[in-house]
Amino acid sequence: LKHIWPGRYRRLPAGGMAGRAAWSPARPAVLLLGDSLTQEGTASPAGPGGWAERLAALYSRRADVVNRGMSGYNTRWARRGLDYMWAPHRATELATVWFGANDAADAALNPRQHVSVDEFKRNLAEIVSRVQRRCDKVVVISAPPIHEPSFRTLFVEPRAGKGAPIDRTLEASGRYAAAAGEVAASAGCAFLDLWAKVQAAAPSGGGDLPWGKFFYDGLHFSAEGHQLVFESLVALIEERFPQLAVRKDPVTHKMDNSAARCEGLPPHLPMHDEITLENQETILEGGGDSAKRVREA
C-alpha cells in the first residue's frame, strides 16, 4: 500500500494510538429540527442529494445526522412535540432549527397552520432555549422566500382549483424570516438567512423572480435549491464553528478517510490504515478521546 499511496500509510507504535485522541468510541448527533423543508432534506421529490443527505455524507464516520423534520409543522406543534424529537445519542454536537414556512400561512385562508409573528417568536425562542441545554452549537434557519407564481400554479391550484387564492406570500415569509433572525440574535445562535440568500443567488436577466429555479413548487426546494441550502449551511458552519469544518484528503478529496480532518469530530473508531499487525490487539483500548467529548444530554 505504501507504494500506491506514498506517505499516507505509516507504521504506528505497538501500543496503538493511546494519548493521541484520534478517534471516538461513539458517534455524537447532528440534529436537524424543522418542517417539510428539513424532512425533504433526506427524502425529496426533487430526487436524491437533499441537503440533509449531503450533510450526512460530509460527517460520515464522524457523526449521525438525525433528521427530525416534521412535514406541515409550525412552531406551536413543534414546541409541544419537542421532547419526542431528541436524538437518542449521549451528545449532540450541532443542531439546526428551521421553522416558519407554515407559521407564515395566512390566518384567514389557513388558520390551522397559521401562527402569529409574536407567538412564532415566543415558540421559536423556547425551542432554541431547550435545544441549547443539550447542544451549544445551534443554527437557526429562516423561512425561505415564497415564489408566488409557481406556488400558485404548482402547489395551490392542483389542490384547490384554478384561481384559488394562495395562503403564503413573499412578504409574509419575509416577516417571519426577520423574526427568526431576531430570535437567533437574542439567543446568541448562528443564523442562516435563506430568505435573503435564495433571492440573491439567482442570476439576473432570468425574468421576474428568477430564483424560482430553487423550488419545485414555489415552497419546497428543487435539486438546485438543496445544493444552495447545503453549501450555505456548510459555509456558515465553517465560519461560526470552525472546529466542525471537515477538511478533505488533499490526494483523493474524500471526506471520510484517515487523511481527512475535523478537529471537533474525530472518526468513530480508528481508521483501517491506523490498525497494524503490531497494534491490532491494543489500539481499541482506552476509548479514544471520548472522555473529553461525550457529555450527558
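Helix 2 (residues 51-58) and helix 8 (residues 223-240) have axes that come within 8 Å and cross at roughly 45°. The model is predicted: local features need pLDDT of at least 70, side-chain atom pairs count only at pLDDT 80 or more, and totals for chains, interfaces and linings use all residues. Residues are numbered from 1 along each chain as its sequence is written, and side-chain values use heavy atoms, with hydrogens and water left out.

- Helices (H or I, at least four residues) and strands (E, at least two) are DSSP runs, numbered from the N terminus.
- Axes are lines fitted to C-alpha atoms, for helices over the stretch in contact, and angles run from 0 to 180 degrees between N-to-C directions.
- Helix 2 and helix 8 are therefore oblique to each other; angles under 35 degrees count as roughly parallel, over 145 as roughly antiparallel, 65 to 115 as roughly perpendicular and the rest as oblique.
- On the helix 2 side, Trp51, Arg54, Leu55 and Leu58 meet His226, Gln227, Val229, Phe230, Leu233 and Val234 of helix 8, where contact means heavy atoms within 4.5 Å.
- The residues of this contact comprise 7 nonpolar, 2 polar and 1 charged; Ala, Val, Leu, Ile, Met, Phe, Trp, Tyr, Cys and Pro count as nonpolar, Asp, Glu, Lys and Arg as charged, and the others, Gly among them, as polar.

- An open sheet has 5 strands in the order 2-1-3-4-5, with parallel pairing; two strands pair if DSSP finds at least two bridges between them.
- Strand 2 (64-69) and strand 5 (190-192) are at the edges with a single partner strand each, so one side of each has no neighbour in the sheet.
- From one strand to the next, the twist averages 15°.
- Strand 3 (residues 92-98) and strand 4 (residues 138-141) run parallel and are joined by 4 bridges.
- Trp98 has Ile141 in strand 4 as its bridge partner.

**Loop residues**

- Leu269 is in the loop between helix 8 and helix 9 (290-293).
- Leu269 is partly exposed, with a relative accessible area of 34%; buried means under 20%, exposed over 50% and partly exposed in between (1.4 Å probe, protein chains only).
- Leu269 and Pro25 are 244 residues apart along the chain, yet their C-alpha atoms are separated by 5.5 Å.
- Not counting residues up to four places away in sequence, Leu269 touches Trp23, Ser24, Pro25, Arg61 and Leu284.
- Arg61 lies in the loop between helix 2 and strand 2 and is partly exposed, at 23% relative accessible area.
- Most residues other than glycine have a negative phi.
- Phi of Arg61, however, is positive, near 75°, and His253 has a positive phi of about 65°.
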